[in-house]
Amino acid sequence: MSDTIEKTVIIGSGPAGWSAAIYAARANLNPVVYEGTVRPEMIPLGQLAFTTEVENFAGFPAGNIRAFVESAVDKSRHWNLPPAPEGHEKDGQPHYAVQGVELMELMKQQALNFGTRVVSDDIASVDFSGDVHTLTAGNGDTVKAHTVIIATGARANYIGLESEDAYKNKGVSACAVCDGALPLYRSKPLAVVGGGDSAVEEATYLANLKGADTIYLIVRRDEMRASKVMQERALNHPNIEMCWNTVVDEVLGDGKLVNALRLRSTVDDSTRELKVGGMFVAIGHTPNTAFLGGAVTMNEKGYIQWTKPFRTNTNVEGVFAAGDVADDYYRQAITSAGTGCMAALDAERYLAEK
């Protein structure tokens, strides 16, 4: 164990983590970011690294994004940049909205420019029992910190089909607000899987888009778990068609894009094919909090609870939470980035008071 006590350690490397790092670094807190390793629970650059174009992050209208990204991001990380989307050109140059990995690499670079230190490992466990917090990394190393910002995010729950995994970002998504308006899904019949409020919200959002085709809401039972108000919204929408007592058996496509689903009846096991241009899975999220071992207070869904209105404080002094790990409602990149800023400011003011 090092004798050094860090001012601020940030766990997680999505929009919340890097935004916190930018603010903390500019405030001379000399932050350390544990960006994680490639695991299903938490990957470097966060869940946004799984997405293609991001059209709703303010400040990034479609344009020659690639030229900007390549000029801003250190050449040693250009290998991680995804190919420019096909068919997105203007005046002979790439013309598209920033892609998820590109946006995250830009945030990381901005944090590095101000002196943020990065450790490519996970935090496996924490000890918040003392005035100084102790974190243990996956490789067994430990680090002490006066303040800790938890920004480990939440992962979308998927059905678990091999075909579903094969078509992620090729017609399978877990966020209609993020992806529904993209050209990949525009004006196509689409399916939403789930029966809760989130599923109805996703289906309604898609059904209200300009030029929307039929939106099929696939529910495994003969009724929804959604609230009565949300149920009425789905049942009365002219663009939403209900598929009761139905589950998805397989996602079908041409190897490049989704073009249909194989559905199975939960009543008689009969199957049928449904022609769609995409599938949105809305069966909940799981916050990445298992490594905390209950060290901070969480709600019934496992999300970290803030203990002060409009503050990122947890119930442990000097420990703050930002992004989707503490947000079971919005779950957007831009809201995560905003709370990352808040957490860094909260940590700075906490240190100043102490």
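Biologist: Where does Thr 116 lie?
Modeller: Thr 116 sits in the loop between α3 and β5. Helices here are DSSP runs of H or I with at least four residues, strands are runs of E with at least two, and both are numbered from the N terminus. Before we go on: this is a predicted model, where local features need pLDDT of at least 70 and side-chain atom pairs count only at pLDDT 80 or more, while totals for chains, interfaces and linings use all residues. Residues are numbered from 1 along each chain as its sequence is written, and side-chain values use heavy atoms, with hydrogens and water left out.

Biologist: Okay. Is Thr 116 buried or exposed?
Modeller: Thr 116 is buried, because its relative accessible area is 6%. Buried means under 20%, exposed means over 50%, and partly exposed is in between, with a 1.4 Å probe and protein chains only.

Biologist: What does the side chain of Thr 116 reach?
Modeller: The backbone oxygen of Ala 111, at 2.9 Å.

Biologist: And what does Thr 116 touch?
Modeller: Leaving out residues up to four places away in sequence, Thr 116 touches Ala 21, Ala 25, Pro 31, Val 33 and Ala 111. Contact means heavy atoms within 4.5 Å.

Biologist: Let's go to α1, then. Which residues of α1 are buried?
Modeller: Pro 15, Ala 16, Gly 17, Trp 18, Ser 19, Ala 20, Ala 21, Ile 22, Ala 24 and Ala 25. That is 10 of the 12 residues, so α1 is largely enclosed by the rest of the structure.

Biologist: What do they pack against?
Modeller: The buried residues of α1 pack against β1 (5-11), β2 (32-34), α3 (100-113), β5, β8 (142-150) and α8.

Biologist: How do α1 and α8 cross?
Modeller: The axes of α1 (residues 15-26) and α8 (residues 333-353) come within 7 Å and cross at roughly 35°. Axes are lines fitted to C-alpha atoms, for helices over the stretch in contact, and the angles run from 0 to 180 degrees between N-to-C directions. The crossing is right-handed; that is the name if the near helix is turned clockwise from the far one by less than a right angle, and left-handed is the anticlockwise case.

Biologist: Which residues make that contact?
Modeller: From α1 there are Pro 15, Ala 16, Ser 19, Ala 20, Tyr 23 and Ala 24, and from α8 there are Ala 333, Ser 336, Ala 337, Gly 340, Cys 341, Ala 344 and Leu 345. By class, this contact has 10 nonpolar, three polar and no charged residues. Nonpolar covers Ala, Val, Leu, Ile, Met, Phe, Trp, Tyr, Cys and Pro, charged covers Asp, Glu, Lys and Arg, and the others, Gly among them, are polar.

Biologist: Why that kind of spacing in a helix?
Modeller: An α-helix has 3.6 residues a turn, so residues three or four places apart point the same way.

Biologist: What about α6 and α7, how do they pack?
Modeller: At an angle of about 30°, with their axes 10 Å apart. α6 passes α7 in a left-handed crossing. Asp 197, Val 200, Glu 201 and Thr 204 of α6 meet Met 230, Arg 233 and Ala 234 of α7. Those residues divide into three nonpolar, one polar and three charged.

Biologist: Which residues of α6 are buried?
Modeller: Ala 199, Val 200, Glu 202, Ala 203, Thr 204, Leu 206 and Ala 207.

Biologist: New topic. Where is Asp 122, and what does its side chain join?
Modeller: Asp 122 lies in the loop between β5 (117-119) and β6 (123-127). A polar contact of 2.5 Å joins its side chain to that of Thr 37. A polar contact is a pair of N or O atoms within 3.5 Å; within protein, one must be able to donate a hydrogen and the other to accept it, and residues adjacent in sequence count only if both atoms are side-chain atoms. Asp 122 is buried, with a relative accessible area of 8%.

Biologist: Last one: what is phi of Phe 310?
Modeller: Phe 310 has a positive phi of about 60°, although it is not a glycine. Most residues other than glycine have a negative phi. Phe 310 is in the loop between β18 (285-287) and β19 (319-321), and at 72% relative accessibility it counts as exposed.
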